[in-house]
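Please help me to read the side-chain contacts of a protein.

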Amino acid sequence: MIDCLPHTHLLRHRISRGLDLAGCHVDLTIDQRVDHIGISAAAARLAEELVAAHIGCERRLVRVAALSPSGRPVATVQGRGATISVSVSHVGGLFGAAVCGTAGVGLDIVDPAEAGPALDAWFTPDELTLFPDGDGLLRARLWAAKEAAFKAAGLDDGFRPRRVAIGQLDTAGYHWTVRSRHHRVCGRGLFMQLDGPLVAIAVADAVTPLHLPDRELLT
Ligand SMILES: CC(C)(COP(=O)(O)OP(=O)(O)OC[C@H]1O[C@@H](n2cnc3c(N)ncnc32)[C@H](O)[C@@H]1OP(=O)(O)O)[C@@H](O)C(=O)NCCC(=O)NCCS
């Protein structure tokens, strides 16, 4: 664990990007906490703002709330489920939201200072062969990629990091596969490096139902 970096990074200003990832358009905004609102609420309000802008409706008509019991965020417009995928993440004083109208989207913000060797227990044998890395950010990249992929898969299952496999990883992006008991979902992702935190964005591009022998391989 690297202990010397601050756990809260300040952005000079809000960062908003429109990204093209594997043929999908993703709107992404990263901002920092204002004191009077909790970080989860701030992230949900930001996601509502992005959904409203994306579909072109009034901001007050949109709600983003956690689906129970998984906790996956979903958007409604005037009380009806919206066909747009949303994802949020927060770390330290930072929070972000991403929306995509054509694929499941996942966002994860990781503070590299918190991505220590304890995470190695959650990496697959193939992922462990990537160590040691050149710039010391591999753990943060792998972890952020796994969490973003899990969110993009939208399986409403518990997060089991070893069932999220990251491949073809470099400093710019990655491919991913998430397996649950009934499905395999795969997709692509990319990274953005802020002043300190690392941001991973993922989109899902295929869901495959698993047959019984495949399911039995999952323990
Ligand atoms: C998804 C998860 C790994 C993210 O944790 P994290 O990286 O520490 O935190 P982040 O700030 O990056 O992301 C948190 C956001 O992820 C989202 N999230 C939570 N569960 C999610 C899921 N199943 N799918 C997609 N997004 C999810 C929420 O919007 C959450 O925001 P909130 O805390 O303000 O409600 C963690 O929330 C988790 O393990 N969720 C699964 C919960 C579970 O096992 N539920 C029961 C089984 S169905």
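The questions and answers below treat aromatic pairs, accessibility and salt bridges.

Me: What kind of model is this, and from which number are residues counted along each chain?

Reply: This is a predicted model, in which local features need pLDDT of at least 70 and side-chain atom pairs count only at pLDDT 80 or more, while totals for chains, interfaces and linings use all residues. Side-chain values use heavy atoms, with hydrogens and water left out, and residues are numbered along each chain, as its sequence is written, from 1.

Me: How are the rings of Trp 143 and Phe 159 arranged: stacked, tilted or edge-to-face?

Reply: Rings of Phe, Tyr and Trp (its six-membered ring) pair if their centres lie within 6.5 Å; planes under 30 degrees apart count as stacked, over 60 as edge-to-face and the rest as tilted. The structure holds four aromatic pairs. In the pair of Trp 143 and Phe 159, the centres are 5.7 Å apart and the planes stand at 70°, so the arrangement is edge-to-face.

Me: Is Trp 143 buried or exposed?

Reply: Buried means under 20% relative accessible area, exposed over 50%, and partly exposed in between (1.4 Å probe, protein chains only). Phe 159 has 29% and is therefore partly exposed. Trp 143 has a relative accessible area of 15%, so this residue is buried.

Me: Which strands hold Tyr 174 and Phe 191?

Reply: Strands (E, at least two residues) and helices (H or I, at least four) are DSSP runs, numbered from the N terminus. The rings of Tyr 174 and Phe 191 have centres 4.9 Å apart and planes at 40°, so they form a tilted pair. This pair ties together parts 17 residues apart in sequence, because Tyr 174 lies in strand 10 (residues 173-179) and Phe 191 in strand 11 (residues 183-193).

Me: Which residue meets Arg 14 in a salt bridge at 2.7 Å, N to O?

Reply: A salt bridge is a side-chain nitrogen of Lys or Arg within 4 Å of a carboxyl oxygen of Asp or Glu; the count by this rule is eleven. The distance of 2.7 Å, N to O, belongs to the bridge between Arg 14 and its partner, Glu 49.

Me: Is Arg 60 buried or exposed?

Reply: Arg 60 forms a salt bridge with Glu 58, their closest N and O atoms being 2.7 Å apart. Glu 58 has a relative accessible area of 44%, so it is partly exposed. Arg 60 has 56% relative accessibility and therefore counts as exposed.
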